[in-house]
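Student: I have the structure open and a few things to ask about. Can we go through it piece by piece?

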Amino acid sequence: MKRTLYITILLSLFLLVISCDFHKLKKYNEAQPKIDSISTLIQQSEDYSLEEKTRKDLLKKAYKLNTTLKSDSLKRHLLLDMIRSAVEIKGSSPFEEFSSEAYSKSIKAKDTLGLAKIHYYFGRRHSQLMEEKDNAYYHFNLALEYNISLDRKLNIANSLISIAILLKNSENYYASENFIFQALKIYIDLNESYGLYTCYSLLGEIYIILNDYEEALRYDLRVKEVIDQKSLTKGYSNHYSRTANLGAYSSMGTTYYYMGNYEKAHGYYAKVLKFKNIKHYDIKMYADALQGFYLTKFRMGDTLNVIKNLNIALRINDSLEHKPSMADIRLDIADCYTYKLDTLQALIYSREAYQLASKFNDNENHLKSLKRLARLDKKNASIYLKEYIKLNDSIQKNETKVRNKFSRIQFETNEYIEKKEKLSLQNTTIVGVVTTALIILGLLYFIRIQRTKSKKLLFEKGQQNNNDEIYNLILKQQSYMEEGRLKERHRIAEELHNSIIGRIFGTRLSFDSLNFKGGEEDSKKLNLLLKELQDIEKEVRDLSYELKNNWLNKHQNFNKLIELLLEKYNSLKLTKYELFIDKEIDWDTIDGTIKTNLFRIVQETIQNCHKHANASKVEIRFLEKKKTLILVVKDNGSGFIETKRKGIGLKNIDSRVKHLKGVFEIQSETRIGTILRVTIPKNHQTTL
Amino acid sequence: MSQLFSALIIEDHPLTSSAYKSAFERLSSIDDDFKFNIAIDNNCSDAIKTIVDSSKGDKIDLFFLDINLPPSQDGKYLSGEDLGIKIRELLPDAKIIVSTTFYDNYRIHSIIKSIDPDGFLIKNDFDLQELVEAIKKVLKKPPYYSNTVLKSLRKQFSGDIAIDSLDRQLLHELSIGTKMKELPKILPMSMAGIEKRKRQLKEIFDIAKKEDRDLILIAKEKGFI
């Protein structure tokens, strides 16, 4: 029983370990080169310098190869990597089909990691398309939740930042700031340079919008710090390092512009424009830099080519359909025209800006444009101003609403985190308690089994002891009875002899002494009678003599027993058993316990011989040497290998010999025979 | 010349003691030389009293002693043998005729050794006639041993084997079935001493490898027990 319990525990532990490593195991089973080639394809597809089509083809290839893999989890894992690449590919990419497949698979497999990733990519995808802010938000939030449950710190921070970006883009700057700081904390903990860079850049942008230029500059400088530490670019390609710098320059440009430091701003914008292939890399950044460059030029008083280039930026923004920028640039152009005192153009652009801004809910530019219009179109100024006030109020209201919504989500997320922590603590305690309980139960069970076993053994031992005692007592009883009988015999003999003979004698003699007055014949008769009496005396005497001497025929118990035992085996005619008992041994002086045990030992040995030895001759010898008794059993049988000493028979003999405080030796050679030798002290104190 | 002898019969059996008395009377009637004063005691206590009194006063000339007697009340005298020893001690000149049913060699030997009786009769051996003869002989020319006694002595002396009284006692005890472990209590020897004696006896009897049983048989054969 013990054995099955042990095995079950081992097995379950083993399975536990196995299941944890199951994924790893499966991965290694697949052809590693296949996996490598898929990964390489995916990596290549993430190269920005390639054309979109090439990238899509690479992904398609990777996808085809992926379907040939056997492991579902591996397939899913690589699929997610493909999605990560697909997200970056603008326009129609295989993202939709990959993502729906990966999503359903992750749901089926209950792969929280997969789901976290997918929702994040969904979020990224949706955030690229401006109308789907809410969807993006939903996905990022889910991704955040999953990441919290999986405790993937970096990804939690990334999700937070993604939400922060969304919030910023929906003009919830304070909420966004909140999220950025949360993410920042994690990035600082992880010393994740890219994350820090993102946070600082975002903060920089936000503070500009909030008109806190000091803070904006502070964070811009921090951005520069991070870039300069080069830790940002470690492990990334050169490409990334340059883009990081770009972002920084762009950001600083903006900051300085808003601070009014047009010179410095101009310098930074120039750096951005100097970037190789900026148009191909990030056309938006190019447009912004262009806008900034020429605007600052304009502010510095140089109007050359300003409007022309601003229009270029305008066209780019229009083509990108970047809504805020579309209104924004128009306002800037309007400002230029205002400066040039071209009120008409200024008005046209302002109106355009107003329309775009109000259409796209670009509140900031909406307000700005209203201001401009009010200034330019003095006639309708009051209408514009009224609208301005109305819009401003509703913006604030909205902000509160959204802020509440976000704070509620945040609260729920916190709650969720707390719950999760509590649950995990609960889980660990439950697991701990259950394991300890199981262990304790197992131990108790084990103890119980051992106890019953030892009880059983004790009981058996007790029984055996009792048996031996009983045998001993019986022997003692027999010998007492024997003695008693003997003494009785003696007494009878004596009585018989003395009294009867005495009386007959007395009678005879008395007769003899009488004065016989009879004749000769009678005298003769008398003599005969007297003679007869004398003979009777003699007979009685002889009988009593015989009676007294019958004791010589009494049984010699121990010897007789051994002889009887051997007789039984000898009668089977298979082996010849010979007994030699040293005549010097007086069995009467030897303790009954010794005799009992010796008898049993001989019995056991002969049984063994009979069962295993196949001997033709067996000699059993009892010797006496000094104060020890020696029993030697010798057979010419098949012998046995020394190591096979575990038999119960030999163990019994061993324990008996120990009990008698003796020594037990056994020698055996295969095909030659076995010699068993037991030496015990004659006068002993048996061990209890 | 007629002599008056005082005799004491110590016999617990009344018939036997009266038969003894008639023997004495027969002798007196046959032979004028003998005149007897007969007294009878039938247990050790009375006997010892008589003996002691006699030793102080009129000395008894002849004792007719049975061995198988009820022991004295004080437990000092367990059998006629003890009385005989006392008689020898107190009345060295007295003559003792032992008459007993015991007939084994050991007893005979031991009685002769301890009492050295002037007459030794085994009850089964004789009739009245012989008894009269025995009394006459003992008073005139001791000793007189009855046939069984003579046979025993002959047997003992005919062999070359000589063993001492301890050996005899050992053999006797063994023959009556005394256990080896009891022997040290009966014989004035340790267990080891007893073992040694047995071995020696076996060697003497030339049965070195044999058992105790054989020892006893051969001792019987040789007339030691």
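Tutor: Start with Leu341(A), which is found in the loop between α18 (323–339) and α19 (343–359) of chain A. Helices here are DSSP runs (H or I, at least four residues) and strands likewise (E, at least two), numbered from the N terminus. This is a predicted model, in which local features need pLDDT of at least 70, side-chain atom pairs count only at pLDDT 80 or more, and totals for chains, interfaces and linings use all residues. Residues are numbered from 1 along each chain as its sequence is written, chains are lettered from A and ligands numbered from 1 in the order in which they are written, and side-chain values use heavy atoms, with hydrogens and water left out.

Student: What is the phi of Leu341(A)?

Tutor: Positive, about 65°, although Leu341(A) is not a glycine. Most residues other than glycine have a negative phi.

Student: And is Leu341(A) buried or exposed?

Tutor: Exposed, with a relative accessible area of 72%. The classes are buried under 20%, exposed over 50% and partly exposed in between (1.4 Å probe, protein chains only).

Student: What about Lys110(A), where is that?

Tutor: In the loop between α6 (95–109) and α7 (112–128) of chain A. Lys110(A) has a positive phi of about 50° and is not a glycine. Its relative accessible area is 72%, so Lys110(A) is exposed.

Student: Switching to Lys297(A): buried or exposed?

Tutor: Lys297(A) is buried, at 14% relative accessible area. This lysine sits in helix α16 (residues 283–299) of chain A.

Student: Which residues is Lys297(A) in contact with?

Tutor: Leaving aside neighbours within four places in sequence, Lys297(A) is in contact (heavy atoms within 4.5 Å) with His266(A), Asp302(A), Leu304(A) and Val306(A).

Student: Now the interface. How much do chain B and chain A bury between them?

Tutor: About 3,200 Å², 53% of it on carbon and sulfur atoms. Buried area is the accessible area (1.4 Å probe) that two parts lose on being put together, summed over both. In chain B, Tyr103(B), Asn124(B) and Lys179(B) lose the most area to chain A, together 22% of what that side buries.

Student: How many residues does the contact take from each chain?

Tutor: 38 residues from chain B and 36 residues from chain A.

Student: How many salt bridges between chain B and chain A?

Tutor: Zero, counting a side-chain nitrogen of Lys or Arg within 4 Å of a carboxyl oxygen of Asp or Glu.

Student: Last one: which peptide bond is cis in chain B, at Pro143(B)?

Tutor: The bond from Pro142(B) to Pro143(B), with omega near 0°. Pro143(B) is in the loop between α5 (128–140) and β6 (144–145) of chain B.
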